[in-house]
Amino acid sequence: MTFVVTDNCIKCKYTDCVAVCPVDAFFEGPNFLVIDPVICIDCDLCAPECPADAIFQDTELAPDQIEFIEINADLSQKWPNITEVIPAPDDADKWNGVENKLPLLER
């Protein structure tokens, strides 16, 4: 089992979760974070830290978020590792809670 970053992280990209990850499993793209499922140890420290409530255990994903399992696995192999908190985008709060943001994901 692993944790998965889902749709609501897109364009929010808060990095509070990164600070608590004991195994540095987060990877950063232009407007989204992902978790490497191979590195993740299923500790559940990151999910409560996410201001966007965008991190879930892979077995507890809503049906419309299942595709994020593959997205996290794929993009974590392409994007650089992030291990420190960085400021969220200026408009992150505006995007928090907006639905169906997958078309806005910058790969």
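Threonine 15 touches Leu33, Ile82, Val85 and Ile86, not counting residues up to four places away in sequence; here contact means heavy atoms within 4.5 Å. This is a predicted model, in which local features need pLDDT of at least 70 and side-chain atom pairs count only at pLDDT 80 or more, while totals for chains, interfaces and linings use all residues. Residues are numbered from 1 along each chain as its sequence is written, and side-chain values use heavy atoms, with hydrogens and water left out.

**Buried residues and their contacts**

- Threonine 15 sits in the loop between β1 (3-5) and α1 (16-20); helices (H or I, at least four residues) and strands (E, at least two) are DSSP runs, numbered from the N terminus.
- Threonine 15 counts as buried because its relative accessible area is 1%; buried means under 20%, exposed over 50%, and partly exposed in between (1.4 Å probe, protein chains only).
- Valine 18 belongs to helix α1 and is buried, at 2% relative accessibility.
- Leaving aside neighbours within four places in sequence, valine 18 is in contact with Phe26, Leu33, Ile82, Thr83 and Glu84.
- The C-alpha atoms of valine 18 and glutamate 84 are separated by 6.2 Å, although these residues are 66 residues apart along the chain.
- Threonine 6 lies in the loop between β1 and α1, where a relative accessibility of 3% makes threonine 6 buried.
- Not counting residues up to four places away in sequence, threonine 6 touches Phe32, Ala54, Ile55, Phe56, Leu61, Gln65 and Phe68.

**Salt bridges**

- Side chains of opposite charge can pair when their charged atoms come close.
- The count comes to 2 salt bridges, each defined as a side-chain nitrogen of Lys or Arg within 4 Å of a carboxyl oxygen of Asp or Glu.
- Lysine 13 and glutamate 28 meet through their side chains in a salt bridge, at 2.8 Å from N to O.
- This pair links distant parts of the chain, 15 residues apart: lysine 13 is in the loop between β1 and α1, and glutamate 28 is in strand β2 (residues 26-28).
- Lysine 13 is buried at 8% relative accessibility, whereas glutamate 28 is partly exposed at 22%.
- Aspartate 74 forms a salt bridge with lysine 78, and their closest N and O atoms are 3.2 Å apart.
- Aspartate 74 is partly exposed at 32% relative accessibility, while lysine 78 is exposed at 59%.

**A negative surface patch**

- Asp64, Glu67, Glu70 and Glu99 gather on the surface in a patch of negative charge; patches are made of residues with over 30% relative accessible area and no salt bridge, with like charges joined within 9 Å and nonpolar side chains (Val, Leu, Ile, Met, Phe, Trp, Tyr) within 5 Å.
- Glutamate 67 has its place in helix α2 (residues 67-75) and is partly exposed, with 43% relative accessibility.

**Positive phi angles**

- Most residues other than glycine have a negative phi.
- Aspartate 42, which is not a glycine, has a positive phi of about 60°.
- Aspartate 42 is found in the loop between β3 (33-35) and β4 (55-57), and its relative accessible area of 25% makes aspartate 42 partly exposed.
- Aspartate 44 is not a glycine either, yet has a positive phi of about 70°.
- Aspartate 44 is in the loop between β3 and β4 and counts as partly exposed at 39% relative accessibility.

Methods. Accessible areas come from the Shrake-Rupley method with a 1.4 Å probe; for residues, only the protein chains shown count as cover. Lys and Arg count as positive and Asp and Glu as negative; His and the chain ends are not counted. The place of a charge is taken as NZ of Lys, CZ of Arg, CG of Asp or CD of Glu.
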